[in-house]
Amino acid sequence: METLQKIAVPLVAVVLFLAAWEALVWVNNWPNYKMASPSDLPPAFWRFRWLFLEMGWQTLWRTVLGLGLAVVVGTLIGMVMGFSRIARDGLYPLLVGFNAIPKATLVPVISLIFIGQHDFNTVLMAFLISFFPIAVSVGIGLSTLEPEYRDILRSLGASRLTIFRKIALPKTLPEFFGALKVSVTLAFIGTNLVEIVAPHGRGLGALFKSGETNGDYPLMFAVLIALAALGILLYYAVLVLERIFAGWAERPQG
Amino acid sequence: METLQKIAVPLVAVVLFLAAWEALVWVNNWPNYKMASPSDLPPAFWRFRWLFLEMGWQTLWRTVLGLGLAVVVGTLIGMVMGFSRIARDGLYPLLVGFNAIPKATLVPVISLIFIGQHDFNTVLMAFLISFFPIAVSVGIGLSTLEPEYRDILRSLGASRLTIFRKIALPKTLPEFFGALKVSVTLAFIGTNLVEIVAPHGRGLGALFKSGETNGDYPLMFAVLIALAALGILLYYAVLVLERIFAGWAERPQG
Amino acid sequence: ETAMPFALDWKFEGPAAPYFVALDKGYFAAEGLSVEITEGAGSLDAIPKVATGAFPVGFADINSLMKFLDQNPGAPVVAAMMVYDKPPFAVVGRKSLGVSAPADLAGKVLGAPPPDGAWAQFPIFAAENGIDMAALTVEPVGFPVREPMLAEGKVAAVTGFSFTSSLNVKRLGVPEDDISVILMADHGVALYGNAVIVNTDFAAANPEAVTGFLRAVAKGWKDTVADPDTAIASLMSRNPAADPALETERLALSIRDNVMTDWVMANGMGNIDPARMEKAIEQTKSVYTFTNAPDAALYFNPAWLPTDGSLTMQ
Amino acid sequence: MANLIDIKGVSHAYRTKSGPLPVLDNLNIAVPEGEFAAVVGPSGCGKSTLTRLVAGLMKPDSGEVWLHGERVTSPRKTVGMAFQNPVLLEWRTIVDNVILPLEIVAPRMPQARRVERALHLLDMVGLSGFESKRPSELSGGMRQRASLCRAIVHRPDVLIMDEPFGALDNFTREDLWQTMRDLRAAEPFTCVLITHDLRESVFLGDQVFVLSGRPARTQMVLKVDLPADRKLDVLYEPRAQQMLHTLRDQIRIAQGRDGELH
Amino acid sequence: MANLIDIKGVSHAYRTKSGPLPVLDNLNIAVPEGEFAAVVGPSGCGKSTLTRLVAGLMKPDSGEVWLHGERVTSPRKTVGMAFQNPVLLEWRTIVDNVILPLEIVAPRMPQARRVERALHLLDMVGLSGFESKRPSELSGGMRQRASLCRAIVHRPDVLIMDEPFGALDNFTREDLWQTMRDLRAAEPFTCVLITHDLRESVFLGDQVFVLSGRPARTQMVLKVDLPADRKLDVLYEPRAQQMLHTLRDQIRIAQGRDGELH
Ligand SMILES: Nc1ncnc2c1ncn2[C@@H]1O[C@H](COP(=O)(O)OP(=O)(O)OP(=O)(O)O)[C@@H](O)[C@H]1O
Ligand SMILES: Nc1ncnc2c1ncn2[C@@H]1O[C@H](COP(=O)(O)OP(=O)(O)OP(=O)(O)O)[C@@H](O)[C@H]1O
Ligand SMILES: [Mg+2]
Ligand SMILES: [Mg+2]
């Protein structure tokens, strides 16, 4: 029953959304170049099915790699910021400043510095764009940890790292996973930015671009939907991890 | 003493960062068109000082407006997702899918639908790109609220909204502000995306573009730094709010 | 064998086909060159790629190069071979909205993205044709909405590249005979267009390689003109999602309007007319303030052009 | 219907991963208006669960809870509750924590009057001087006292207290017993008090309900026929000593250790 | 240095927004190895603060804390601590909560042996059957018992307990007194016990320290010369009754209500 609901509800939501979209286009009688409708997409998918698989895979693995990096580095930065007030005061403005810079404008700089390293550049951008939410959430989790929790292990002479591992990290896991859900979507954006701005002919971004030059609007929308689908796929992967590691945190709503 | 530290530490960090940047460019002997160095920027700022003020203001007000919208709508969506398991199951995949779509590709669609509504488009994009972290953090704050907290007001027959306002929201304020810090940076990216991808000649994005067409690299870097500075400005505004409303949450690190 | 990665200014579209022809037919290999062709995101992306030495050769708009060299004097990059004798800068209008010649623009609404390359030259075009800028309404449009706005009749004309905007408008359902393409180069604008650019440090060390490269490019163009379909086939193998019919048309347009001009047919491809270049610089002064004294020799160097007649297009 | 609180045949089980855990079994408790019911029973038998049912925070699997002649299906404003684990809101000062129920129950009351009432109560429990501190700056017992003030600040008809004096030393506790007694005389309310202190149950209660071990049944009801206006000395009177003795025996039975030597 | 725990002239004040709040004032407490020190005092006087100083979680403003002949400046592994507010980790089951100190103190110990020890302790405090529940599925008293197990699972030399039986009914509490007594006999440790139950202090303590009201000073030290192997009956002996009486008087003085009628 509950499992059924878990599958049915998202499906119904997606179907409702597609129906609303179709209706919107239909009612306004918008041409394809303004907004393609869901019914235009299956032919586009079918025609380029192999490309979608290949490009989708390209995009996916780079995104996941970048995201993995973001988790590791973001957690480290978050730890530094959470443990040290000075680090927090000093790093936050730099990180915020860095993150306020549109990454699209950084792509050319990066591709000039690491010329031809397409894979590296793409992974790097996915990482750069997605580590911040994770760092923030880990940092906040640490700096707002109630002393009672910390003292459980502190009274045993445990190191800061141990306290982080056994108490602070598990306690902030719900927020960490929330940040991860945000980061997943950002990482996709990062990968695609490179694929679009510094084209190297691989990934869904490249497919989007070729749809654009051909004026093939259904293809463009199909790519966007494919990206959304990949994002949702990765989201469910995160969700599974969340259920395993932070399932305890969800409370009944009475 | 403490106030001094609060001002000095970020300043020192910024100065260190600029020095490292200057050194990097100097050691590698990179030309301006690969990477401009900080010492190139003051002339660029001075030459275009009026433009920077005007364009910076354009970018700033649109960003703040979009961010304000994101806070309101994000909080509402977060509330819906936090209170109802079905809404959570149904909305999350849609939101994640939507957010995994690179916003750069949405700009054309939006500007086609709302032709010529530059201000509206820009604010809309700043909003669209930045509401998600807020919705996630509010949603998680609600769905992981310990029952003991909820019961304090529930036992008085308080409505869900009251419980949200008096307990859940204040309790998640630290995470909310964390999300806001992420959203601030995203909102800037949103504004600039529109200014760059669907240029309407206003805002710092337009200044960046004109630097680009003229091959004026110091100007381009100066714009990026100006964006970072605006981001930091807004971050400190958020910080002030955080100190006022969620200062209680920060715990001594023992 | 010398490695010569080649940075294109744009994606793999019709006008990029000749380079793939040269590659596929082994013209580069015959010169002892191993060439890899890379997509780009505009001239402004390709120029620094060559200037930094990351790519020894590239393809970019000479007007952008002029500005780049003015802002970054001494950067080791220069144009070595003119390809678009006439630049694709154009005003694309709709006859049904009353735009078929430059003079018709008066009193009309012109859609122009502020950072657009064609729009940047529009003041020259207006001055040469006596168009009163004050008499026309300029609507700043984003790139994505430029053609749709023309298709919907919200603007009467737009600025853009001839082979991009006209095809886009056609794709949006505007009948071909309703579209008027006013090439600025046909109406008094003396500017040159895209050229093969080289890194001067590389060229000084490998002058023969550069000459060989240019020779192969010329051969590629010649073959493409003779057999566009094979050329498009070469392109399609690199960009499988492209639409061959569209790219064939785009290629044909660029050959007709930009590459195989009367001057090229008469004088061969690749070189420039110094007098026209001087005029182009003069015209540029009206839209761009040079920080250093402009000099044609800084921007174009014919030294590496092959002299064995391979540039003749007859 | 003379009973203000009427718990009729209530049974409840928690659904846990390892199957249902029966906690309350056909429980009956009736408290007439204005009376004070003390509930004692072994740790983990289901006392806190009982308070949550009476407050309408949970619905029983079977049986009914009546309050004021109405069946309880959801929480109501006229109830005041002191939880076993006093959760104070860290983002509010102590006085603002105490005021909280007034913000819900009496939204129109002027802030000044709220504060006045809160300060009065804080003074009564010995917390004056601490009203503008944060909860984390208070000791365990002080937090419990603040939580007590929060439970009664809005003068509820029905007061439900779950071991409200557990973290207090004997004398502070006895002080608060007297405070409760005086409060009741001044502003009458009906009360359910969970406690593990038998003396407390006899001093404050009009009836003492002894619950059996989990699942809890009403094992015994003791009528405390001592004068309403008791002094602490009353506990040393033979009548009270007798009651305490009875209760001690009952609890021993509740814990299934009848016959063991104490 | 015969004293395993030696608190010498310790003073401490909390820095609060409204100025420093003196909590401990020249406090002296000495506990020889293997002995049991009970500390009683009015609510909010500074008892929990004292435990934090002994555990090395805080540094006193002045004075010194010595443990094992070493000056305490930071926490050490050989200390076990039961906090007044038993915080259990919701993401761990009860048995995993109890195991936690072993993961820090004995990282090499096989998991099976850890679990075995934890289950043994949980059984002793009457929690068998609840080992794989989440903390939120336990009652208040059960959580406190689990927290007690966590404090002693790693057989600390020094045990610091802050009102560990506060949320328990009388009989469970007396059971645990006996458990503590037996544990001490089996695995000797030195102990500081904060309590507000005078009977508890006399039954378990070798010395009882009475603290004055805030700021706390050592107001009186009572040597409990009862046999080590006490039965609960001992509390009804005249000697014990006499001690309880003395303590009650002392606390009345500590609360500044000497001469009042109790
Ligand atoms: N973190 C803190 N910041 C400021 N003041 C504090 C802090 N912790 C405790 N206090 C104050 O110190 C005093 C002593 O607190 P402590 O917790 O040591 O008392 P206690 O003797 O354990 O009381 P109880 O028996 O009620 O638990 C109290 O008045 C309290 O307000
Ligand atoms: N949310 C819950 N989910 C599952 N079981 C629960 C839950 N809350 C309590 N229990 C179980 O119900 C039983 C009764 O709990 P309750 O808190 O009512 O006991 P209590 O009588 O208040 O005990 P104490 O005196 O220790 O506070 C306990 O065995 C406990 O394990
Ligand atoms: Mg309870
Ligand atoms: Mg205490």
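The legends below describe close-up views of a predicted model. Local features need pLDDT of at least 70, side-chain atom pairs count only at pLDDT 80 or more, and totals for chains, interfaces and linings use all residues. Residues are numbered from 1 along each chain as its sequence is written, chains are lettered from A and ligands numbered from 1 in the order in which they are written, and side-chain values use heavy atoms, with hydrogens and water left out.

**View 1. Chain A and chain B are related by a turn of 180°.** The C-alpha of chain B nearest the axis belongs to Glu175(B), 3.8 Å from it.

**View 2. Chain B meets chain C in a contact with 20 residues from chain B and 23 residues from chain C.** Contact means heavy atoms within 4.5 Å. The two chains bury about 1800 Å² between them, 68% of it on carbon and sulfur atoms; buried area is the accessible area (1.4 Å probe) that two parts lose on being put together, summed over both. Zero salt bridges are counted between chain B and chain C (a side-chain nitrogen of Lys or Arg within 4 Å of a carboxyl oxygen of Asp or Glu).

**View 3. Phe45(B) and Phe52(B) form a tilted aromatic pair.** Their centres are 4.7 Å apart, with 50° between the planes. Rings of Phe, Tyr and Trp (its six-membered ring) pair if their centres lie within 6.5 Å; planes under 30 degrees apart count as stacked, over 60 as edge-to-face and the rest as tilted. Phe45(B) is partly exposed at 27% relative accessible area, whereas Phe52(B) is buried at 10% (buried is under 20%, exposed over 50%, partly exposed in between; 1.4 Å probe, protein chains only).

**View 4. Tyr19(C) and Phe59(C) are both buried.** Their ring centres lie 5.6 Å apart and their planes at 55°, so this pair is tilted too. Ring pairs link both residues into a cluster whose members include Phe28(C), Tyr84(C) and Trp221(C).

**View 5. Lys11(C) lies over the face of Trp10(C).** The distance from the ring centre is 3.5 Å. A charge sits over a ring if NZ of Lys or CZ of Arg is within 6 Å of the ring centre and within 35 degrees of the ring normal. Lys219(C) lies over the face of Tyr27(C), at 5.3 Å from the ring centre.

Methods
Least-squares fit on C-alpha atoms with pLDDT ≥ 70 in both.
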